[in-house]
Structure formats: C-alpha cells, structure tokens
Amino acid sequence: MSSIDRSQSVGGTRTYEVRTYGCQMNVHDSERLSGLLEDAGYVRAPEGSDGDADVVVFNTCAVRENADNKLYGNLGHLAPKKASRPGMQIAVGGCLAQKDRDTIVKRAPWVDVVFGTHNIGKLPVLLERARVQEEAQVEIAESLEAFPSTLPTRRESAYAAWVSISVGCNNTCTFCIVPALRGKEKDRRPGDILAEIEALVGEGVSEITLLGQNVNAYGSDIGDREAFSKLLRACGTIDGLERVRFTSPHPRDFTDDVIAAMAETPNVMPQLHMPLQSGSDPVLKAMRRSYRQERYLGIIEKVRAAIPHAAISTDIIVGFPGETEEDFQQTLHVVREARFAQAFTFQYSKRPGTPAAEMDGQIPKKVVQERYERLVALQEEISWEENKKQVGRTVELMVAEGEGRKDGATHRLSGRAPDSRLVHFTKPEQEVRPGDVVTVEITYAAPHHLLAEGAVLDVRRTRAGDAWEKRNTEKAARPAGVLLGLPKVGVPEPLPAVAGGCAVD
C-alpha cells in the first residue's frame, strides 16, 4: 500500500501523528494536541505509520544540546515524503519552537506550522490557515493564552491520568531554559483541579498524577503557601480515587505541611521523586539551586520518619561546569546517605540559552564519563539492595498496560506497587485487565524490577478495569482515534515519564 493510500485508509478522513520529545509536561501537552486534532475531525494514523499521516506534529524539547539536530534530522527524513504527497502538512511545536521561532522555517522550509508552548490550542486553525494561504504559519505567543487543561484531550489509557495544576516556573537554575520558554508559574484554581479529577474518576480513572514544572510551589501564584498540601488532602476526600502521585517537587518548597499531608492522606502514595542534581554545596550554588546538602538530606530524613516505606527517587547531573573530584565525592555521599530507590543520572550537556553553557570550567568528556560510570555503579548497587528488602512483602499492584516488554514470552503481567516499583507477576487463571488490582508476594529482586513468581493471592476487578475494557471494546468497533467524550481518561507513564525532561526540576 502506498503512503497516499494509507493516509486514506480511515474512511477518507485526514490522519495525524504526534511525535513527543522531552518531559512529562510535553507528554501531557501531546494528549491535548491529539484531542484538538480529533475535535477538528482528524483521526489518529494507524500504528507504524512512520510519517505516512496527513499531518505530522513534532512536540519538541529544548533542554538537550543536540535537540535541534534531532529535530532537523527528523524533518529532513519527512521532506521527500511531503514532496510526493500533495496536501501533507508538518507542524512543529513545544519548547524548541518557542526558542527558535523563524529559524525552523528557514532551515526546513517545507514545515507548514510553527507554534509555541503558550498557544497549542491554535494548532487546528494554523493548519487550516497554512492550507488555504499556501504558506507557513509561525505564531508564538509570549504568554499563556488559556490554561491548557481547558482544551480537549485524548488521554492514552483508561485507568490513570495526568492532571496539570500549574505551568511555568519561577526558578532560575543556570542549567535550565524552561522559565524562558514556559514563562513564570501560573496556577490553576483548586476548584477547577478538583472538578477535573472528579470528572476523571467518574469516567473510571483510579490514579492521578498532579503535574507541574515545580509542582509543590503550587500556591505562589494564588497567594497561599499551603495550597499544595491542602490540595493533596482534598484529593483524599474524592470517592473512587485510589492513588495520588505528583511530579516534580523542588526541595526549596518541600515544607513540613506537605510531608504531613502525604503521610496522613491514605490515597497519596508512599513515593517521592525529588531532584538532587548535585550533592556539592558549591555546585548547587553555581546551579542556583536554593538548598544545600544538609537541607536536602533533612527532607529525606523527615519523609522517612513520617512514611517509613516511601520509595524516593531523584535526578543527578554529573560534570556540571567547575565540578571538582571533591564536589563529585559529595554527590556520592548524598547517594549513600539517601539510599534512593532509583536515580536518573545525566552527564551535563550544554543547553543553548542557559547561563551554564557559557560558564568557565567545562569538564572534559572523558572525566564526565568516568564519574558518571562510578555514580551509576553505586546507584545500581543501592537500588538492588533496597529492592531486596521488598522480598517477602505482600503488596497490591495496579495492573499496567505495556510496561512489561517481555510479558508475552514469560507469560507474566506487570503492575505498579503503591511505591511505584515495577513488579512482574505470574498471570492468574482469572481474567485481569489493566486498572484492576492484584495482591502478590514479592519473591525476587533485581535493580530495576521485582518478581512475584507465586500464585496471585487476590484479584480485585475495578471500575478502572471496566473503563479500560469499555474503551478497547469501543476502539475495536470504530475507526482509530475517535474521541470517547470529554473529559478523556488516560495514563501517565511511570515517574518520571521521560527522564531528564524539563518538568524534572
């Protein structure tokens, strides 16, 4: 079948494909882009289309040094396809579009639409305008036009959902370009957030993840320093909401009232992802991180005292400009003290437009690589030791979709424990659907997952499982990509969804 034939394979309706790069915020924005396109009459292209859709949208990230090279390489790959297919359109949005603006059209003149982080709701209009006027449309808003949660959303699954509580960031970390691209923090009204959560639960969602670039700073825009802890407690009053998570908090705003709310609200999960970035006070100062090693470890100690079984994960940057061996040793010290269940470790790379990219003391690649390997080896050892402590425990898992890549070969299913650890378990004779809950005993530990090799102890069918079954039944009965009504239900990926993205502060 030719690419032109494939584009007409869904009842003659124009098809779309969204390609997402970067952080959890981008993942959720892509759900909105999909919802907008489907609301405008497009349908999602079949799996494996690989650029054969009528509209291909790139939702970009700008936090990596080679982000633009990756984008232009992908655009170049599509150029001959577009040239051979009259009517095909390409759109570029997200942080790189916000940063580079007219540069994208100059370097890739076959692009039809460029839009920014503040005006994703304009995509269908810009596509139509580009088609009618037969010229590229570049529209970059300088500030948020409407909170994006007011837009239609095509959620990706039926049992869990992202819920944005704020956009933007007020911090000035020297390695991060996000504030320049996403703007200052803008908070949603608590009532709007809770109304969205209640609507999602009404559709069958049983797990939500509160999302913000600096999620626990929520309230700074509305003048309430305890707004985030109040929001967590309010989530605990919503019938049918079984699991509440959030990402990513900043140590500066991690106050005692938040720890108390986590510990005292039963459906807030015993799991925390809190970026460290470095264990060295001089490096933290150079990064403009507003905490120091003692403050960070003090938060860890308080969380563990209030929530003994909490699994804590983090982000760490190795090789920041000026980092000495002694600085690096301080990072290793924090890793040993904190005993993270998991750490997302990154070699520092220049991010164009950030102060750190122009700093003296850039570390040679060879040195950064050697330090990185030592850090990874230490964290692997700690992760394995911490996972071994789970052996023999009985845990409830929310059955997941698509998280066990080898499940088909091993005849297992996969799920997430309350602390977000990934567990592969023996498939029971009874039917189990994503969103259902099973009780298992942990029998084996590896550094990045656990096994429950015995028989499943209990299966609890849930409204979330019913929602997953309904969605898949309806999906089989109608063309791909048709909206099932608003609000949509969906699933965020395991925290953090995309390591190193701009939502990971």
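Mentor: A residue is called buried when its relative accessible area is under 20%, exposed when over 50%, and partly exposed in between, with a 1.4 Å probe and protein chains only. The model is predicted, so local features need pLDDT of at least 70 and side-chain atom pairs count only at pLDDT 80 or more, while totals for chains, interfaces and linings use all residues. Residues are numbered from 1 along each chain as its sequence is written, and side-chain values use heavy atoms, with hydrogens and water left out.

Ser420 counts as buried because its relative accessibility is 11%. Once its neighbours within four places in sequence are set aside, Ser420 is in contact (heavy atoms within 4.5 Å) with Arg245 and Gln271.

Asp419 lies in the loop between S16 and S17 as well, and its relative accessible area of 8% makes Asp419 buried. The C-alpha atoms of Asp419 and Ala310 are 6.3 Å apart, although 109 residues separate the two in sequence.

The chain as a whole provides the setting. The protein chain has 16 helices and 21 strands, and 57% of its 505 residues count as buried. Of the contacts between residues at least 6 apart in sequence, 76% join residues at least 24 apart.

Helix H9 (residues 227-235) has among its buried residues Phe228, Leu231, Leu232 and Cys235. The buried residues of H9 pack against helix H8 (190-202), strand S10 (207-211), strand S11 (243-247) and helix H10 (256-264).

Helix packing can also be followed between H13 and H14, whose axes come within 10 Å and cross at roughly 10°. Axes here are lines fitted to C-alpha atoms, for helices over the stretch in contact, with angles from 0 to 180 degrees between N-to-C directions. H13 is therefore roughly parallel to H14 (under 35 degrees; over 145 is roughly antiparallel, 65 to 115 roughly perpendicular, the rest oblique). Glu325, Phe328, Gln329, Leu332, Val335 and Arg336 make the contact from H13, and Arg371, Arg374, Leu375, Leu378, Gln379 and Ile382 make it from H14.

Finally, a search of the whole structure finds four aromatic pairs (rings of Phe, Tyr and Trp, the last by its six-membered ring, with centres within 6.5 Å; planes under 30 degrees apart are stacked, over 60 edge-to-face, the rest tilted). One of them joins Tyr291 and Tyr296, a tilted pair at 6.1 Å centre to centre with 40° between the planes; Tyr291 and Tyr296 are both buried. The rings of Phe320 and Tyr348 have centres 5.5 Å apart and planes at 70°, so this pair is edge-to-face. That pair links distant parts of the chain, 28 residues apart: Phe320 is in the loop between strand S13 (311-318) and helix H13 (325-338), and Tyr348 in the loop between strand S14 (342-347) and helix H14 (365-388). Phe320 and Tyr348 are both buried. Tyr291 and Tyr296 also form one aromatic cluster with Phe340.

Key. Helices (H or I, at least four residues) and strands (E, at least two) are DSSP runs, numbered from the N terminus.
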